[in-house]
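Visitor: I'm new to this one. Can you walk me through the model in short steps?
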Amino acid sequence: MKKQYVTLTVNGREYRFSIGDGFGQVPPSETLSQTLRKRLQLTGSKESCSEGACGCCTVLMDGKGVTSCMLLTVECDGRDIVTIEGLEDPEKGLDPLQQAFIDEYAFQCGYCTPGIIMAAKALLLDNPHPSPDEIKEALSGNYCRCISHYTVLRAINRVAGNEEDHTAVMHRANDDVENPIPVREELFPSPYAYGVPGDNALE
Amino acid sequence: MSKFEYRDIKQPHYRHIGNYTPRKDAKDIVTGKAIFLDDFSVPHMLYGKTKRSPYPHAKILSIDTSKAEAYPGVRAVITHKNMPEPWGLGLPVHRLLMEDKVYYVGDVVALIAADTEEIATEAIDLIDVEYEQLEAVYSAEEALKEGAVELYPRFKGNHVDNGIKYFQPDGPWWQIIRGDVKKGFEESKYVAEDKVAFDKMPAPLAPETPCCIAKYEGGNDYTIWASSQSAHILKLMGEGRIPNSNLSVKTFNVGGSYGNKQSLMTTVLSAAMLSKVTKRPVKIVLTKEEQLMSYEVRLGSTITAKIGMDEEGYVRAIEGDWLVDTGAIADSVQGQVGVGLGEAQLVCAKCPNWFMDSHIAVTNKQAAGIVRGYGGQELNSCLERLMCTVMKEGNFNPLDVFKKNYIAPGDRFIWRDGRWWQSRSSLFFPEAMQNAADRFGWGEKWKGWNVPTSVNGTKARGIGMGVIGNADINEDNTEAIVRIVPDLVGSHRASTAIIECDITESGMGTRSNACKVVAEVLNVPVEKVSITEPGTKYNPSNYGLCGSRGTITTGKAVSLAALDCKRQALELGARHFKRSVDQMETKDFMVYVRDTPELSIPMFKLAPKELSIVGYGKHMEMFNIPSCMAIFVEVEVDTETGHTSIVKVAGGTDIGQIIDSKAVEMQLHGGFGSACIDTAIFEECILDPATGRLLTSSLIDYKWRPFNEFPPYDAYIMESQIDSFMFKALGIGEISGAAGASAVLMAISNAIGVDIKDYPATPAVILKALGKA
């Protein structure tokens, strides 16, 4: 018999949708991403490529990370969905992963961030202490173009209890001022600088 | 000249500047509450879709929209035949939004507005179009040949105007003509001539596709909500295209742009036209496929040049011709050519003799537009490969050559405005290059030209480097207002400061940095400072985020506005305590006497009742503080398979002063994104010459670097307190990866012992060079 309803639990609340092409109904062609973003106004997860390649729409389904643009809502009957909006505990506050993303500045434009956080959450639910390589592998399906990869890895490694991630290092020359960097003779001043003989060399 | 050393520079201690401060919108971003355009809607909104050309060049013989118009839920179908007004595209305007001809695959054939996205999408296929295919051209070289098929009557021989008034107020400027090239080559000991092309026009590919909502407000007024990183540029360009219009542009968080989402002209005009016809707001969100196949990409760049170098490694003469492919729409390309030519002079700043010509051509490819790197990267990718040829002749260590030739204070150059400028930037760029090189291990790893650093079986390693600079970081004017808003009921702790400045957040943290700068000047906590929502209508004018200008220009405008506020508060306090202004200090919205701190008064008691203290600040355009970025890469090439991987990267710069330590680091990492470093290995748009269509139309076909393939990145940053504005900082993001592609090709050439000059150096290119394919 053709199913008439689809029931989803989203962020702890149960929704029952009628299936069909009528106004307000969920058509069989509707993706989970569309249901979440347009119907439930849960716009945290983003839809970027619509073909499962970028991971921006990642949500948890029964604790596993899925790309919601690749699933039809009608297929998700009885499933338990958690989106980025459901990760923060109303009483305890931010999930440790979310806090680590703030502390490490693990985003730039923030468009792919909800997907990355949910993919990382899925990994940590499955394996609370993944190795740095396992973390990289788990995120290999998440597209980020601002290049926040290094700080994202710092944040997740921290939550995973790994040693501080040193894949990227920033060295500030001022840290050396007490013990100065080797002084070099060649600073290559301009032959045209004011006050040197070649000042009028332009003519 | 007395010797001035880095350690002599007094390093200031700030309350906020230089540290990491979590961004104002950090919590919204990690909880999914941050609003991007596609998360937003306007009541009574329709959805727009575009019917696009399947051919690179064709005449529309007939077009039948009757089935689409009759489709339930379709509210309007617009084609070239029923456009309400002839809105143009390009700078200078050289075509209309829709014509009876199409000029590239993805060109606009018809616009549809419907009740839902699905209906609009279905209606696309209900429009029947009959085309007559025309001959197409796919490269600048081909397009500029005599007898080539001509795209537009406006561009004779496909040649785009050299320079336009907007970028060059004194008249067009498109050539570097300095000194005597003939004499320069006579003085040169080493001369090399070659041709290099960076012409695969890769896509910066922001995760959020370009999108906008346009609402016709009646009369000549439109409200535009757009995923633009610069509302001001959108307004400027849009009002030039829609006759007599007045646009109020509003922006949200932008899901990545990399300079590429500024005017969004085709998309915005399409939505605005549909809104004008339907009298309802219309939203257009491009699909990823549309973004890849029809949205703006990097310029195509081919350069033929001869470079002369003296025995010390100074470049003495450059003679060349730069061909620029701007695709089917020429929009802002003259500015990019100007910046490219300017940046060439920063890298070869000691060269007195130049004859560098440029030619811009339109071709039947998707339009090239503005992208991070802005002409400079496209030229640098070619020019530094050519410099390698001459450095190799003289067997120079490239590090020495780049250090010597890079612009120093006092050196002069012509920038994109066609005017002469004299650098007053850092003296320490060569040291930044050397120190980054030392951390990278350049000295030990450099074995000579086309000599690998190490070989292990089939794996050969090599190193390369590149240097680039940009003087746009001070470009365009900006103004800001800062208001100290005293608490109405009288707690100084509840007082706040508000910045009025039009800044969009597109990932660089500029909005938060502006708050940080104001908090530093006023000596208040950062959380007490906030900034107005971005938009052109109710904010003082800010040109927007482009050319890495955000740091200096908004930094200067808001810091001067805050200083203006502070001065007024101190004056009020001085009058109150009968002291001179010089004796007054302020902290946390209190004014006190410096040597008698118990004499203090909250600002709300000083300001007139109910009113705030208002300050104004502005930045005026100049081009005399170039930035610098040196990048070092080590690659490993598998000589059996031709596969290249980057194993280590280092970057070095003198940034003047770090505003936010984590933000600046990520600006440097950004060199891996937005079609920079990887355009040397795998990033390209692949055109099928038989159909004129791209084969790279999805995120699966277009190659990008995933999380598990990022090499160690070692950044080295000096802070020499450059005289840019109150906090001595420079912008860097524009160029952080711009010299990366040429560095990678140098590294590959060294690894395999054969010169590689093709972008990208795919396994096929490498195996061919090794004689294995």
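Guide: A definition to begin with. Two strands pair if DSSP finds at least two bridges between them. Helices (H or I, at least four residues) and strands (E, at least two) are DSSP runs, numbered from the N terminus.

Visitor: And what sort of model is this?
Guide: This is a predicted model, where local features need pLDDT of at least 70, side-chain atom pairs count only at pLDDT 80 or more, and totals for chains, interfaces and linings use all residues. Residues are numbered from 1 along each chain as its sequence is written, while chains are lettered from A and ligands numbered from 1 in the order in which they are written.

Visitor: OK, sheets. What is the strand order in the open sheet of 5 strands in chain B?
Guide: The order is β9-β17-β16-β15-β10 in chain B, and the pairing is mixed.

Visitor: Which strands are at its edges?
Guide: β9 (176-178) and β10 (190-198) of chain B. Each pairs on one side only.

Visitor: How much are neighbouring strands turned against each other?
Guide: By 10° on average, direction ignored. Angles here run from 0 to 180 degrees between N-to-C directions, and axes are lines fitted to C-alpha atoms, for helices over the stretch in contact.

Visitor: How does β9(B) join β17(B)?
Guide: Through 3 bridges, with the two strands antiparallel. β17 covers residues 353-361 of chain B. Arg178(B) stands opposite Trp354(B) in β17(B).

Visitor: Which helices pack on that sheet?
Guide: One is α9 (residues 333-347) of chain B, which touches β9, β16 (315-325) and β17 of chain B. Its direction makes about 155° with that of β17(B). Another is α10 (residues 376-393) of chain B, touching β10, β15 (300-309) and β16 of chain B. The direction of α10(B) makes about 150° with that of β10(B).

Visitor: Switching to chain A. What is the order of its open sheet?
Guide: The 5 strands run β2-β1-β5-β3-β4 in chain A, again with mixed pairing. β2 (13-18) and β4 of chain A stand at the edges with a single partner strand each, so one side of each has no neighbour in the sheet. Neighbouring strands are turned by 35° against each other on average, direction ignored.

Visitor: How many bridges join β1(A) to β2(A)?
Guide: 6 bridges, and the strands run antiparallel. β1 is residues 5-10 of chain A. Thr7(A) stands opposite Arg16(A) in β2(A).

Visitor: Which helix packs on this sheet?
Guide: α3(A) does, touching β3 and β4 of chain A. Its direction makes about 35° with that of β3(A).

Visitor: How is chain A divided?
Guide: Into domain 1 (1-85) and domain 2 (87-167). Domain bounds come from an automatic or database domain assignment. The C-alpha centres of the two domains of chain A lie 23 Å apart.

Visitor: How many residues are in contact there?
Guide: 15 residues of domain 1 of chain A contact 14 residues of domain 2 of chain A. Contact means that the C-beta atoms of two residues, placed from the backbone, lie within 7 Å. β3 (58-61) and β4 (64-67) of chain A each give two or more residues to the domain 1 side. β3(A) supplies the largest share, 3 residues.

Visitor: Now between the chains. How many residues are in contact?
Guide: 63 residues of chain A are in contact with 67 residues of chain B. β6(A) gives the most to the chain A side, with 5 residues. That side has 34 nonpolar, 19 polar and 10 charged residues. Ala, Val, Leu, Ile, Met, Phe, Trp, Tyr, Cys and Pro count as nonpolar, Asp, Glu, Lys and Arg as charged, and the others, Gly among them, as polar.

Visitor: What does β6(A) pair with in chain B?
Guide: Strand β33 (residues 713-718) of chain B, in the parallel sense over 5 bridges. Arg172(A) stands opposite Ile717(B) in β33(B).

Visitor: Last topic. At what angle do α11(B) and α12(B) cross?
Guide: At roughly 160°, and their axes come within 9 Å. α11 is residues 398-405 and α12 is residues 429-440, both of chain B. That makes α11(B) roughly antiparallel to α12(B). Angles under 35 degrees count as roughly parallel, over 145 as roughly antiparallel, 65 to 115 as roughly perpendicular and the rest as oblique.

Visitor: Which residues meet there?
Guide: Leu399(B), Phe402(B) and Lys403(B) in α11(B) meet Pro430(B), Met433(B), Gln434(B) and Ala437(B) in α12(B). By class, this contact has 5 nonpolar, 1 polar and 1 charged residues.
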